[in-house]
Every structure is written in structure tokens, then in C-alpha cells.
Amino acid sequence: MATKITPLGRRILVKRVSSEEKTAGGIFLPDTAKEKPQEAEVLALGTGKDDEGKDVKELFTVKVGDKVLISKYGGTEVKLDGDDVLIINESDVLGIVG
């Protein structure tokens, strides 16, 4: 998916990886009963400028395509080409998966 959003500063655009739709016992869960997954894929990195305009892009600890764990309630949800994506601060990334 080609992104039409470029996050600013030290922000990252991510898409949540879908969670299981049924329990181990085979019961299907409605969307309202599911927790939002904490695993996401990095779609785009911010411009890499700090508050004073200094270029800090090389300091990003993730790269596009990485699978990451993110905080449960961090970020701002937006629609992009019909998909729900999040713009989060790099500090909301808890770790890289894999």
C-alpha cells in the first residue's frame, strides 16, 4: 500500500495486525468483544525533525516493514484507503517482533 500520509517529527505510521477472530474453543468473537491488537506493521516514518528543527531521522530505531509491539491506547486512528491506521510517537513502540 502506497502511503499518502507522511508523519511529522518522530512519529510513525503503523497498521495493526489483525487478531484472532475466535477463541481456542472455537467461539467466534464479535468486534466489540475483541481487544485491539498490540502488534502492528510500520508503514512510514516521520520527517525526522525534532522540535528545534534538527535532523534526527537516523535515530529512528525501527524501519518501514518492521513488525512492532505498540502501547494499547497510544496514537491517533485515521482512515487510509479504507484501512484503519495509527499515527504514533516513536516512544509508543514497545519493541520489535522477530
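The protein has an average pLDDT of 81, and 71% of its residues score at least 70; pLDDT is the predictor's confidence in each residue, from 0 to 100. This is a predicted model, in which local features need pLDDT of at least 70 and side-chain atom pairs count only at pLDDT 80 or more, while totals for chains, interfaces and linings use all residues. Residues are numbered from 1 along each chain as its sequence is written, and side-chain values use heavy atoms, with hydrogens and water left out.

## Overall layout

The secondary structure consists of six strands and zero helices, which gives the pattern β-β-β-β-β-β along the sequence. Helices (H or I, at least four residues) and strands (E, at least two) are DSSP runs, numbered from the N terminus. Confidence is highest in strand β3 (residues 67-70), at a mean of 95, and lowest in strand β4 (residues 76-80), at 91.

Of the 98 residues in the protein, 31% are buried. Buried means under 20% relative accessible area, exposed over 50%, and partly exposed in between (1.4 Å probe, protein chains only). The accessible surface of the protein is about 6500 Å², and carbon and sulfur atoms hold 52% of that surface. Accessible areas come from the Shrake-Rupley method with a 1.4 Å probe; for residues, only the protein chains shown count as cover. Among contacts with a separation of 6 or more, 65% are between residues 24 or more positions apart, where contact means heavy atoms within 4.5 Å.

## Salt bridges

Side chains of opposite charge can pair when their charged atoms come close. The whole structure holds six salt bridges, each defined as a side-chain nitrogen of Lys or Arg within 4 Å of a carboxyl oxygen of Asp or Glu.

| Arginine 10 | Glutamate 90 | 2.3 Å |

Arginine 10 forms its salt bridge with glutamate 90. This pair links distant parts of the chain, with arginine 10 in the segment before β1 (11-16) and glutamate 90 in the loop between β5 and β6, 80 residues apart. Arginine 10 is partly exposed, at 28% relative accessible area, whereas glutamate 90 is buried, at 11%.

Lysine 67 counts as partly exposed because its relative accessible area is 32%, and glutamate 41 is partly exposed at 29%.

Lysine 63 is exposed at 53%.

Aspartate 92 is located in the loop between β5 (83-89) and β6 (93-96). Aspartate 92 is buried but has no salt bridge, and the nearest side chain of opposite charge, arginine 11, is 8.4 Å away. For charge, Lys and Arg count as positive and Asp and Glu as negative; His and the chain ends are not counted. Setting aside residues up to four places away in sequence, aspartate 92 touches Leu69, Ile70, Ser71, Gly74 and Gly75.

Tyrosine 73 belongs to the loop between β3 and β4 and is exposed, with a relative accessible area of 77%.

## Surface and loop residues

Leu69, Leu94 and Val97 make up a nonpolar surface patch with about 250 Å² of accessible area together. Patches are made of residues with over 30% relative accessible area and no salt bridge: like charges are joined within 9 Å, and nonpolar side chains (Val, Leu, Ile, Met, Phe, Trp, Tyr) within 5 Å. Valine 97 is in the segment after β6 and is partly exposed at 34% relative accessibility.

Threonine 61 sits in the loop between β2 and β3 and is exposed, at 58% relative accessibility. Apart from neighbours within four places in sequence, threonine 61 contacts Glu90 and Ile96. Threonine 61 and isoleucine 96 are 35 residues apart in sequence, and their C-alpha atoms are 9.1 Å apart in space.

Most residues other than glycine have a negative phi. Aspartate 81 has a positive phi, near 55 degrees. Aspartate 81 lies in the loop between β4 and β5 and is partly exposed, at 48% relative accessibility.
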